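Thanks for coming, everyone. Let me put the structure on the screen, and then we will walk through it.

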Amino acid sequence: MVPQISYILAIESSCDDTACAILKDAQVLSNVVAGQEIHIQYGGVVPELASRAHQSHIVPVVDQALKKAGITKKDLTAIAFTRGPGLMGSLLVGASFAKSLALALDIPLIDVHHMHGHILAHFINEGQEVPQFPFLGVTISGGHTQIIKVTDYHKMEVIGTTQDDAIGEAFDKSGKMLGLGYPAGPQIDQLSKKGDPKKFPFPIPKAPNLNYSFSGFKTAVLYFIQREVKKNPDFVKENLHDICASIQHTLIKILFQKIEKAVKETGINTVAMGGGVSANSGIRSRLTSYNQKGWNTFVPPFAYTTDNAAMIGISGYFKYLDGYTAGMEITASPRISM
Ligand code: KG4
Ligand code: ZN
């Protein structure tokens, strides 16, 4: 029998953030994320280092989440964890921990698809308006760029995806070429504020249907910088704001071209965005501008937009309400589909 109130402990460890959240039904009591600074010096995530860092972070992160929530392990109703997609070594740490905890406490274990988490983050109860089904979920991060048709809490269909790099990688790799640290996305966002977005026109890559491609864009930025630096070694320093604004402007254009197409083709004009890149101020203001055209747009609070465990908790909660639990034989799955 489903108890009246559920306390779900959720773990997310798919990439380079070790995260644990406690939810009381659809409300978040605590949401702890430990990032991994070790990767900064390499300019990107190193999988072996990520799994090792997860191992040392997971116990203190879970402890802290319980303390912040003001409950003990005995109060827990179920354990949710990210099964995939993600890095195998990273996922394994979270999955093994979740399984052991569920087994020790003799409570249900619930596996969650990371991308379902990004979509269902919109339903974390903070008293806000939530998207009505069906809606288009747009997940944009360092690992994903997808347009997803969401019919209910569990029924999601990918209708557009990137064929190569994710949009976050396009931000980060372009930034790296400009000498910015990792991740460069937030810095490009900041630097763009004082730049001219139309100063340097970059090409819009072609991709079929509702799909995306960013690798050609990355190459275009590289050739552009190489060409200009040859003429003027101080080119980047002297034009940093304008280059950043132009990069951001182009990426926003690429992103929204396909979102507009998806809205037109599906007739669905409720658009809910998630993933780390949706923190971008240019993307946020462009998205909300569509409300004047009759769309209903949603972006969750920042803490639930980058990788976090609260989104895994809310997804686990909806599965739990439906009576779903995973068997103990379940394993991490780095390339699991929606
Ligand atoms: O969702 P997330 O935290 O992790 C995954 O990749 O799954 O997303 C991280 C990505 C990075 O590529 C980072 O550069 C980008 O989100 N990002 C931003 C901004 N904040 C984070 N990109 C552009 N503008 C931002 N303000
Ligand atoms: Zn993610």
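Predicted model: local features only at pLDDT ≥ 70, side-chain atom pairs only at ≥ 80, totals over all residues.

Start with a definition: a crossing is left-handed if the near helix is turned anticlockwise from the far one by less than a right angle, and right-handed if clockwise.

Residues are numbered from 1 along each chain as its sequence is written, chains are lettered from A and ligands numbered from 1 in the order in which they are written, and side-chain values use heavy atoms, with hydrogens and water left out.

Now the helices. Helices (H or I, at least four residues) and strands (E, at least two) are DSSP runs, numbered from the N terminus. Two packed helices are described by the angle between their axes and the distance between the axes. The axes are lines fitted to C-alpha atoms, for helices over the stretch in contact, and the angles run from 0 to 180 degrees between N-to-C directions. Under 35 degrees counts as roughly parallel, over 145 as roughly antiparallel, 65 to 115 as roughly perpendicular, and the rest as oblique.

First pair: helix H1, residues 47-69, and H2. Their axes come within 8 Å and cross at roughly 30°. So H1 and H2 are roughly parallel to each other. The crossing of H1 past H2 is right-handed.

Next, the metal. Which residues hold the zinc ion, ligand 2? The protein donors are His114, His118 and His144, each through NE2, and Asp307 through OD. They lie 2.1 to 2.7 Å from the zinc ion. Donors here are N, O and S atoms within 2.8 Å of the metal (3.2 Å for Na, K and Ca); water is not among the atoms, so sites may look incomplete. In sequence, the donor residues are spaced H-x3-H-x25-H-x162-D. His118 sits in helix H3 (114-120), and His144 in the loop between strand S6 (135-140) and strand S7 (145-150), so this pair ties together parts that are 26 residues apart in sequence.

What about the geometry? The angles among the four donor atoms run from 90 to 164°, and the site is irregular. For reference, four donors count as tetrahedral if all angles lie between 85 and 135 degrees; four count as square planar and six as octahedral if opposite donors are over 155 degrees apart and all others between 65 and 115; anything else is irregular.

Are His118 and His144 buried or exposed? Both are buried. Buried means under 20% relative accessible area, exposed over 50%, and partly exposed in between (1.4 Å probe, protein chains only).

For Cys20, the nearest cysteine sulfur is that of Cys15, 18 Å away. Cys20 counts as buried, because its relative accessibility is 0%. Cys244 is buried too, with a relative accessible area of 0%.

Now the backbone. Most residues other than glycine have a negative phi, and most peptide bonds are trans. Two bonds here are worth a look. The one from Gly84 to Pro85 is cis, with omega near -10°. Pro85 lies in the loop between strand S4 (78-84) and helix H2 (88-105). A cis bond also joins Tyr182 and Pro183, with omega about -10°. Pro183 is in the loop between H4 and helix H5 (185-192).

Then positive phi. Asp25 has a phi near 50°. Asp25 lies in the loop between strand S2 (18-24) and strand S3 (27-34), and is partly exposed at 23% relative accessibility. Asn209 also has a phi near 50°. Asn209 is in the loop between H5 and helix H6 (215-231), and is exposed, at 55%.

Last stop: Ala332, in the segment after helix H9 (310-321). Ala332 is buried, at 7% relative accessibility. Its C-alpha is 9.0 Å from that of Gly86, 246 residues away along the chain.

Definitions and conventions: Disulfide = S-S within 2.5 Å.
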